[in-house]
Amino acid sequence: MNITPVWAIFLGSIFTNNILFASFLGMCSFLVCSNRISTAVGLGSAVTFVMFFTTVINYLIYHYLLLPLGLDFVSFIIFIAVIAGFVQFLEMFVERFSPDLYYALGIFLPLITVNCAILGASLFMVIRNYSFVQTTVYGLGAGLGWFLAIALMAGLREKMGYSNVPAALRRTGILMLMAGVIAMTFMGFTGMLSTQ
Amino acid sequence: MATKTEALQPRSRLSLFGGKGKEILLEGIYKANPVTKQVLGICIFLAVTNRVANSLVMGAALTFVTAMSNLFISTLRNVIPRRIRMIAQVAIIATFVIIIDQFFKGFYWQMSKQLGPYVALIITNCIVMGRAEAFAMQNPPLPSFLDGFANGIGYAIILLFIGTVRELIGSGTFLGITILSDSWYTKNLILLLAPGAFFVGGFLIWILETLNPSGDARDNKEAK
């Protein structure tokens, strides 16, 4: 059992072990959807929401169903099925009960199934041996960390419109270099916590 | 997902070449390399490349999964109902990922520990899904197998390149053998950490785009 205090997991998952800048998860949608702040905020909140609930559901399934039955080797397939199912359910639910929210978040929901950060959070939860409370906090923190990352990037990209970027760097190159600089600043938080 | 499918569209014309395995191989490895040209599946490409050994193993695992899942999806392509094809593809891909993961856990425990969750994350790697959707669903098994193999190798070559640069500059070694000796070389540790991965990736894309500009960059040049 992991003995890291809960607050350390929360702050750690947002700053020192940011799921995007330290573990590189969710890069594809990070690069594609970060061109406007409004898009980034929409996708970021959808990811936070889905990540929080799927890590909790996956924790319960893993510890109360798969482990007792000795089926932990099929956990990947179960995790991805839970994520896909949850996203599908959420889409129908939001569409039925809150059309406004559906127009704001709806287009991002299908993207989330293939976002590796969501699956990654569930896998880290298993690898790091988190307890139930730690998992809850970690799911929320990792989601917020991803939100913070994509919102920061979108803010920078909106300002980048005024800069003259070399043609060969324009597509993805400059985004990677910018992400590198942001990742360096996030490393500055490392001294804040000395745990995972 | 939509943009990714669009990016892959032009390649579906390959089905015209049917049995020409060489064309398919070249296309995947060089002309439309999945990482540098289509910018797919960057998570793994940044995360595991701090050592050459990790890059090699990951490249091999990804090639196996892409090739085998392409082969099976293509064999079953006429039986899979159109509406649930995504789930069917994910299930097939996940099966092969589980096989690889169990193999590493059984025979290479140390390596499995180091790669951590990234082996499992092959499931959500866009390259595997992308090839299944764009190629294997329309083509017979053998060309699909070759296509998956070629894309996997193309990916592995990039992984190996980044792994070499990062390990050489970051710790002065290659596959654990010291090349740049401590006596005169100061290790540049930043390359082993997260920002280094982004920088090496950014510069690699910069160099390749300069040598061989793709659509957008060319348009920008002409517009000026």
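Guide: What follows looks at the interface between the two chains.

This is a predicted model, in which local features need pLDDT of at least 70 and side-chain atom pairs count only at pLDDT 80 or more, while totals for chains, interfaces and linings use all residues. Residues are numbered from 1 along each chain as its sequence is written, chains are lettered from A in the order in which they are written, and side-chain values use heavy atoms, with hydrogens and water left out.

Counting as a contact any heavy atoms within 4.5 Å, 43 residues of chain A meet 48 residues of chain B. The area buried between chain A and chain B is about 3,700 Å², with 81% of it from carbon and sulfur atoms; buried area is the accessible area (1.4 Å probe) that two parts lose on being put together, summed over both. Of the area that chain A buries against chain B, Phe24(A), Phe76(A) and Arg171(A) supply 20%, more than any other three residues.

Across this interface the rule finds zero salt bridges, a salt bridge being a side-chain nitrogen of Lys or Arg within 4 Å of a carboxyl oxygen of Asp or Glu. Several helices of chain A, among them H4 (75-97) and H9 (173-187), each supply at least two residues of the side that touches chain B, and the largest share, nine residues, comes from H9(A); helices here are DSSP runs (H or I, at least four residues), numbered from the N terminus.

As for confidence, the model scores ipTM 0.82 and pTM 0.81.
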